[in-house]
Amino acid sequence: MKMNPIQVSNLTVAYDRKPVLQEVTFQMPEGKLIGVVGPNGAGKSTLIKAILGLIPTASGSVEIYGKAYRTQRKLVGYVPQRGSVDWDFPTNALDVVLMGRYGHIGWFRRPGKKDTAIAMQALDKVGMKEYAGRQISQLSGGQQQRVFLARALAQDATVYFMDEPFVGVDAATEKAIISLLNELKAQGKTVLVVHHDLQTVKEYFDWTLLLNKRKIALGPTEEVFTVDHLQKTYGGRLAFLDTQVSPSYVVQP
Amino acid sequence: MFYELLSTLQDANTQWVLLGTILLGIASGVLGSFALLRKQSLIGDAMAHAALPGICLAFLLYGTKSIGWFLVGAALSGLLATYFIQVIINHSRIKEDTAIGLVLSVFFGFGIVLLTKIAQTENGNQSGLDDFIFGQAASLVGNDVRVISAIAIVLLLVTWLLFKELKLFTFDRQFAKGIGLPTGLLNGLLMTLIVSAVVIGLQAVGVILMAAMLITPAISARYWTDRLDRMVIVAGTIGALSGMLGTILSSMANRLPTGPVIVLAATVIFLISLIFAPHRGLVSKGLKLYRIRKIVARETVLQTLYDLSEEVSITNKKIRFSKEALLSRRKMTVRKLDSNLKRLQKEGYVHHIKDMWSLTESGGSKAYEIVFNNRLFEIYTMYEMKFASLQFAANDVWDYRNIDSSTLKELEQLMAIHERTPKLAPKYFGKGETFRKENSSQSAKKRKKEVKSL
């Protein structure tokens with residue numbers, strides 16, 4: 001039997017007893033691009049952080065290829081939200097990408113030539129090779145996002161978790177990210193992406209996880225991304241325009 | 001003065017003390033860099049102030065001056081203060097700055113009360129505890145220096161060994177945790193390192209000013225470099241220099257407290273960095289702004305002349321323009337316009353008959369280039385998605401000469417579609433009126449329409 005890259009069972013996360021995620025259970029198939037979609041405060045980022053053990057969970061378990069996450073760290077790559085770090089930090093793009101190698105290098109040792117080569121290759125893949133030596137505060141928002149992506153590539157993982165990689169980037173970067181995601185998929189890697197632009201879900205993702213504190217639905221996008229499911233996920237906040245032919249959705253505040 | 005300096009330096013005790021203050025300057029510069037980047041500079045201040053009651057209690061309990069117990073007392077009450085700050089932040093609506101202010105003053109106040117109490121006891125006068133307020137490097141004895149140096153070296157060694165981990169932890173804590181670094185442990189370790197750096201400096205620099213030793217070298221170093229490894233080295237060097245200068249100056253003057261002198265020395269270095277550092281310094285920034293303004297003003301004048309010429313070329317009017325016409329197209333001060341016209345005339349780009357200005361042939365080709373470049377950029381911004389392969393960092397210069405030929409061709413085609421191609425070739429300005437007559441057959445009507453659409 002082939003093992004699932006991501007297996008989440010009964011995951012509950014609560015801050016101060018108010019549940020943020022409630023008994024979420026799902027299995028992800030291998031080699032798919034999976035979009036995690038849901039309204040603000042639905043626990044999308046929390047789900048990723050809980051899977052990666054960045055925040056304490058109230059209950060439940062997470063397995064990566066059949067084993068506890070702790071023992072499988074090297075198989076996992078992570079792209080945090082761009083706004084989560086201080087971009088005025090004194091370092092350059094290459095250095096940030098090299099951080100993706102730290103998990104492989106181990107304690108005390110410094111990154112070697114091989115690591116630098118891998119990091120440069122990752123920068124090249126996101127079209128940022130020329131910017132390797134540039135101070136990160138001098139990069140545009142889209143370029144910073146690409147550096148984060150390159151760092152995840154340098155982790156050389158098989159399962160990737162990306163937290164809102166499309167937020168605040170230019171159109172060119174969005175295009176670059178999507179082609180990169182498809183490349184990862186072609187290599188048989190599994191990518192889970194927190195996303196909140198409903199317009200592009202059908203275009204970008206094979207599978208969709210609809211989430212609002214609980215799992216609403218999970219499956220191939222064309223089966224799951226339906227008006228019925230979206231209404232369950234977004235409740236009254238979603239207005240449907242032109243539901244027949246090509247639905248476009250408007251989320252109301 | 002010089003002999004005084006020489007004799008000060010020859011004194012064995014001073015040399016010993018110097019070694020101590022230099023090492024502690026390095027340690028506080030290095031760890032201050034991390035504190036600064038973690039935005040914990042003020043925590044250092046709180047810890048230093050809060051150390052005073054710890055030192056006093058250590059003296060009261062142990063009964064005599066002992067560097068070891070002082071350090072333990074200082075570290076414990078410093079950590080207790082940070083713990084209180086955390087508790088206040090976590091369990092009330094009070095924000096960090098307020099919490100720090102509260103805890104810092106309470107601990108310091110308590111320390112002063114204890115200090116006064118000790119001064120009134122029999123052996124209080126010899127306690128030397130007063131030195132801890134403003135710092136007195138000269139009061140360091142051999143044993144003190146040995147302990148301080150040993151701790152400073154350990155701190156530097158740990159930082160060097162764990163540099164990679166501490167860097168990642170400071171930059172991106174979540175990612176660090178994601179790849180399995182024990183972030184809780186690292187946080188505790190870094191906190192301990194910073195507390196230790198503060199504590200070993202207390203006797204030489206004093207509780208009031210110790211935070212400056214943490215902050216000032218680090219922030220000065222930040223001006224000189226954009227890499228953490230270099231920043232740490234520069235900060236350590238600045239810390240060492242300040243420590244050295246402070247110690248020498250204060251031992252030359254009778255009983256001048258060391259702390260203020262060290263801090264003043266560090267501040268002078270900071271001011272130099274603030275003003276003269278390349279890229280980030282005020283002078284460098286000012287020069288850059290001045291240069292940009294100069295280029296923009298010059299390009300504006302040339303571009304305005306070109307635009308006006310382009311419009312007039314379809315009529316029978318002369319392609320000469322008054323200053324008023326230039327000013328009404330693009331506003332700038334009359335003085336700026338005058339000085340730019342004068343400079344451009346000297347360079348042979350413009351000439352004037354009476355008060356009417358026009359471009360020369362070389363000026364025409366210069367202006368053509370500028371206009372071409374700017375309009376190409378307009379087109380690029382319209383089709384940014386299409387030209388995704390062209391990347392420009394936030395502050396890169398747009399120059400069509402850096403674009404590869406096939407992309408350039410595409411952009412030029414688009415420019416033609418949008419009728420933004422500059423229509424006056426440079427040679428036009430050389431030939432002037434005659435050129436226009438030769439080309440009058442050119443569908444003037446179409447040109448008129450195009451120009452109107454501009």
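Tutor: Just after helix H2 of chain B, B:Lys39 takes a positive phi of about 60 degrees. (Helices are DSSP runs of H or I with at least four residues, numbered from the N terminus.) This is a predicted model, in which local features need pLDDT of at least 70 and side-chain atom pairs count only at pLDDT 80 or more, while totals for chains, interfaces and linings use all residues. Residues are numbered from 1 along each chain as its sequence is written, chains are lettered from A and ligands numbered from 1 in the order in which they are written, and side-chain values use heavy atoms, with hydrogens and water left out.

H2(B) itself covers residues 12–37. From the first C-alpha to the last, its 26 residues reach 38 Å, close to the 38 Å expected at 1.5 Å a residue; the expected span is 1.5 Å times one less than the number of residues. H2(B) is mostly covered, since 19 of its 26 residues are buried, that is, under 20% relative accessible area with a 1.4 Å probe, protein chains only.

Among the buried residues of H17(B) are B:Ile370, B:Val371 and B:Phe372.

We turn now to the meeting of the two chains. Here 42 residues of chain A are in contact with 35 residues of chain B, contact meaning heavy atoms within 4.5 Å. The area buried between them is about 3500 Å², with 58% given by carbon and sulfur atoms; buried area is the accessible area (1.4 Å probe) that two parts lose on being put together, summed over both. A:Phe89, A:Pro90 and A:Trp107 supply 19% of the area that chain A buries against chain B, more than any other three residues.

The rule finds five salt bridges across this interface, each a side-chain nitrogen of Lys or Arg within 4 Å of a carboxyl oxygen of Asp or Glu. B:Asp172 forms a salt bridge with A:Arg151, with the closest N and O atoms 2.7 Å apart. On the side of chain A that touches chain B, the elements giving two or more residues are H2(A), H3(A), H5(A) and H6(A). H5(A) gives the largest share, four residues.

Key
Buried < 20%, exposed > 50% of the residue type's maximum accessible area, 1.4 Å probe, protein only.
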